[in-house]
Amino acid sequence: MTAPVIEVRDLRTHLVTRWGTIKAVDGVSFAVAAGETLGLVGESGSGKSMTYLSILRLVPRPAARILGGQVLLDGDDLLKKSEREMQRIRGKRVAMILQDPMSSLNPVFSIGMQVREPLANYHGLSGRPLKNRAVELLASVGISSPADRLRAFPHQLSGGMRQRVVGAMAISSPPRLLIADEPTTSLDLTIQAQYLRLLKELQTRHGLAMIFVTHNLGIVAKMCDRVAVMYAGRIVETGAVGTIFRAPRHPYTRALLESVPRLGASTEWLTAIEGQPPDLAALPRGCAFAPRCPHAMDRCLAEEPPEFTLVPGHASRCWLDAPA
Ligand SMILES: Nc1ncnc2c1ncn2[C@@H]1O[C@H](COP(=O)(O)OP(=O)(O)O)[C@@H](O)[C@H]1O
Ligand SMILES: [Mg+2]
């Protein structure tokens, strides 16, 4: 086993709202190795964004606070870094691709200015080498006539093209860890498939560890090696992608898989599961899923299940999996 690129241990991030304190991330642990992709899935509000925002220390202030845990990037705890050190880590050792490519690009600056900025800041490039590197980067993500595109403004490019520019910027350092949150939802299906191929290729080329947040089962199957299923701020099941699809254990995972009619490119996990999504400000005493769970027992309402390892690499937080 090689050492993981990113290892999150018992991460806890709470939010103070006027409805009370929300345990948005409540004891989350996982690790991702170089070249590996972890899919982070679960209904909306389950804590996926807060988890990766905590890794980057970009949680909404002042409401959110990272209360504990460790975020080890190549063994280096990011929760112990100063804000100044974090600024050098973001975009360099850890890069992020978000849903809306427009929000990652500044509409008033040319593509060239935006692509050159990290190259100048982090790599100290300037003049001709800087321009050449910018052209090379755009070409490496499949953008044709890259020299011309550098002069264009974001609104002059198609959605797919903008997404490629964001991808180019994300791998410019290249980073050790790439976090992608629904990076293809704003794209049509053909462009989506191309973009996913590109991300895979960049990952292989640079040996990136990747955290991939998506609602799309087809994308999970195509992109991820392992899956972590989140519910109410916790990872309730984790396993290899094949295991999660073929032999899901946690009733929530099973409900998620059953809530889609079939596996395909456009099937999505919707909030189509019976019962109400949990109110994170008023979670029940035992298992957070118990009120919606068809298998709930007395114990589930009284005691929170710990994580049970079924086989190495496959774990579930459910009393049904308690060893006899
Ligand atoms: N800026 C915020 N202020 C208050 N609550 C928030 C904020 N951002 C997220 N939350 C709450 O934190 C919880 C986790 O949210 P989030 O991580 O965004 O979920 P996901 O990405 O899985 O949809 C949710 O209950 C959400 O309502
Ligand atoms: Mg989110």
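Because the model is predicted, local features are reported at pLDDT of at least 70 and side-chain atom pairs count only at pLDDT 80 or more, whereas totals for chains, interfaces and linings use all residues. Residues are numbered from 1 along each chain as its sequence is written, while chains are lettered from A and ligands numbered from 1 in the order in which they are written.

Ligand 1 is surrounded by 15 residues, of which A24, K48, S49, M50 and P60 are the closest; a residue is near the ligand if its C-beta atom, placed from the backbone, lies within 6 Å of it. At least two residues of this shell come from each of strand 1 (6-17), strand 2 (20-32) and helix 1 (48-55), and helix 1 gives the largest share, with three residues. Helices (H or I, at least four residues) and strands (E, at least two) are DSSP runs, numbered from the N terminus. Sorted by class, the shell holds seven nonpolar, seven polar and one charged residues, where Ala, Val, Leu, Ile, Met, Phe, Trp, Tyr, Cys and Pro count as nonpolar, Asp, Glu, Lys and Arg as charged, and the others, Gly among them, as polar.

Strand 4 (residues 64-73) is joined to strand 5 by two bridges, and L73 stands opposite D76 of strand 5.

Strand 7 (residues 177-181) is largely enclosed by the rest of the structure, because four of its five residues are buried, that is, have 20 or more other C-beta atoms within 10 Å of their own, with C-beta atoms placed from the backbone. Strand 7 pairs in the parallel sense with strand 6 (residues 94-97) over four bridges, and L178 is the bridge partner of A95. Five bridges join strand 7 to strand 8 (residues 209-213), again in parallel, with I179 opposite I211. Between strands 7 and 8 the chain passes through helix 8 (residues 189-206) in a right-handed β-α-β crossover, meaning that, with the strands pointing away from the viewer, the path from the first strand over the helix to the second runs clockwise.

In helix 11 (residues 251-258), the buried residues are P251, Y252, T253, A255 and L256.

Definitions and conventions: Buried ≥ 20, exposed ≤ 12 C-beta atoms within 10 Å, placed from the backbone. Pairing = 2+ DSSP bridges.
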